[in-house]
Amino acid sequence: MFFVPASDGTRMRRLSSWLGRLSLVVLPVLFLVGCAETDTVSRAPHTLVHISEKDFRIVVEPGRIPAGDVELVVRNQGPDTHELIMVRSSGSQPPLRRDGLTVDEEALHEVGAVDGVDPHGVQRVRLRLAPGRYELFCNMAGHFMAGMHGELVVD
Ligand SMILES: [Cu+2]
């Protein structure tokens with residue numbers, strides 16, 4: 001992604017990783033802002049999906065929705081900070097990174113993400129979803145394995 005000079009490799013890699021994380025956060029936010037400024041999109045009917053996160057569980061309601069415009073309302077019941085990553089489901093368990101504690105997001109087809117929701121905070125993301133099965137999970141260290149994953153089926 002970036003040219004990494006040998007003398008400053010660690011810092012650049014950290015920056016690159018940070019930029020990667022940032023893009024996960026910024027892209028949905030830009031999409032959200034784009035929607036807010038475009039009347040036709042913001043007033044279009046969309047399906048609300050409520051996602052409740054807590055240590056260590058994710059509940060998706062409803063779990064089955066029609067394809068089209070969707071608004072994810074991600075509510076963190078705490079007590080920890082949680083994030084939410086949404087990917088196309090492959091039908092099997094997502095691959096783990098070498099740390100054994102986090103899912104290898106780069107190996108998956110990500111469709112949306114919410115980064116670091118504070119305890120008792122709420123974040124919203126607008127997406128347009130095609131039919132299929134989607135997996136939603138928190139990728140903070142150990143949280144996926146502790147049970148923080150759920151499924152959304154789009155018809
Ligand atoms: Cu979490």
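1. Ser89 is partly exposed in this predicted model, because 17 other C-beta atoms lie within 10 Å, a count between the limit of 12 or fewer for exposed residues and that of 20 or more for buried ones. The residue is found in the loop between strand S5 (82–88) and strand S6 (110–117). Leaving aside residues up to four places away in sequence, Ser89 touches Arg133, Tyr134, Glu135 and Glu151.

2. The chain as a whole contains two helices and nine strands. Read from the N terminus, the order of elements is α-α-β-β-β-β-β-β-β-β-β. Of its 155 residues, 23% count as buried. Among contacts in the chain with a separation of 6 or more, 66% are made by residues 24 or more positions apart.

3. Five of its seven residues are buried, so S5 is largely enclosed by the rest of the structure. S5 pairs with S6 in the antiparallel sense over five bridges, and four bridges join S5 to S8, again with an antiparallel course. Ile85 takes part in both pairings: this residue stands opposite Ala113 in S6, and its bridge partner in S8 is Phe137.

4. The largest nonpolar core has 23 residues, and those with the most contacts inside it are Ile51, Ile58, Leu84, Leu136 and Phe137. Two or more residues of this core come from each of S1, S2, S4, S5, S6, S7 and strand S8 (132–137). Leu136, one of the residues named for its contacts in the core, touches Ile51, Ile58, Val60, Leu84, Met86, His149, Gly150 and Leu152, not counting residues up to four places away in sequence.

5. An open sheet is formed by four strands in the order S2-S1-S4-S7, with mixed pairing. Its edge strands are strand S2 (57–61) and strand S7 (122–129), each of which pairs on one side only. From one strand to the next, the twist averages 20°. Within this sheet, strand S1 (residues 47–54) and strand S4 (residues 68–76) pair in the parallel sense over seven bridges. Glu53 stands opposite Asn76 in S4.

6. Most residues other than glycine have a negative phi, and most peptide bonds are trans. A cis peptide bond joins Asp55 and Phe56, with omega at about -10°; Phe56 is found in the loop between S1 and S2. Another cis peptide bond joins Gly78 and Pro79, where omega is about 0°, and the place of Pro79 is in the loop between S4 and S5.

7. His120 is a further point of backbone geometry. Its phi is near 70°, a positive value in a residue other than glycine. The residue lies in the loop between S6 and S7. His120 is exposed because 10 other C-beta atoms lie within 10 Å, and a count of 12 or fewer places a residue in that class.

Definitions and conventions
Residues are numbered from 1 along each chain as its sequence is written. This is a predicted model: local features need pLDDT of at least 70, side-chain atom pairs count only at pLDDT 80 or more; totals for chains, interfaces and linings use all residues. Two residues are in contact if their C-beta atoms, placed from the backbone, lie within 7 Å. Two strands pair if DSSP finds at least two bridges between them. Axes are lines fitted to C-alpha atoms, for helices over the stretch in contact, and angles run from 0 to 180 degrees between N-to-C directions. A nonpolar core is a set of buried Ala, Val, Leu, Ile, Met, Phe, Trp, Tyr and Cys residues joined through C-beta atoms within 7 Å.
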